Amino acid sequence: MDSEFRFDVSDDVYALHAEVCKLFTSPVRLKMLEALGKGERTVEELSRLMRISQPNTSQHLSLLRKTGVVSARKEGSNVYYSLRDPRLLDALKNMKAVLFDILNERQNAVIKK
């Protein structure tokens, strides 16, 4: 029966999925994506919100932009960053819900011991 299984997307999609998921290894980038989900922001605004330096903020944004997760638009001397697709925020929220459940299960298991 396993020989009949077919993957429904190309290897390119799986490769991009893995590349994008690497971005999620940084709590800073996860918070940044959450902030951008509430509206576009400049590097300065994100830097202040995240409490990290502007160069560090720019580095994170560069990675997010390189993979196509974040888009940028220039207005005057400011560059405004935003999520390219709001469905990404939905995916992050779903993942967060799963992680909350896992943490609750772990905590309950510790309490029962």
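The largest pocket of this predicted model holds about 790 Å³ of space, where a pocket is an open set of points on a 1 Å grid over the protein atoms alone, reached by a 1.4 Å probe and with protein on both sides within 12 Å along at least five of seven lines, and the volume is the space filled by probe spheres set on points joined across faces, edges and corners. Because the model is predicted, local features need pLDDT of at least 70 and side-chain atom pairs count only at pLDDT 80 or more, while totals for chains, interfaces and linings use all residues. Residues are numbered from 1 along each chain as its sequence is written, and side-chain values use heavy atoms, without hydrogens and water.

The pocket is lined by 24 residues, and Val20, Phe24, Leu88, Ala91 and Leu92 lie nearest its centre; a lining residue has an atom within 4 Å of a point. Helices H1 (11–23), H2 (27–36) and H5 (87–112) each give two or more residues to this lining, and H5 gives the most, with 9 residues. Helices here are DSSP runs of H or I with at least four residues, and strands are runs of E with at least two.

Turning to the strands, which pair if DSSP finds at least two bridges between them, S2 (residues 70–75) runs antiparallel to S3 and is joined to S3 by 6 bridges, with Glu75 opposite Asn78 in S3. S2 and S3 form a hairpin with 2 residues between them, and Gly76 in the turn has a positive phi of about 65°. S3 (residues 78–83) is also joined by 2 bridges to S1 (residues 41–42), again antiparallel, and there Thr42 stands opposite Tyr80.
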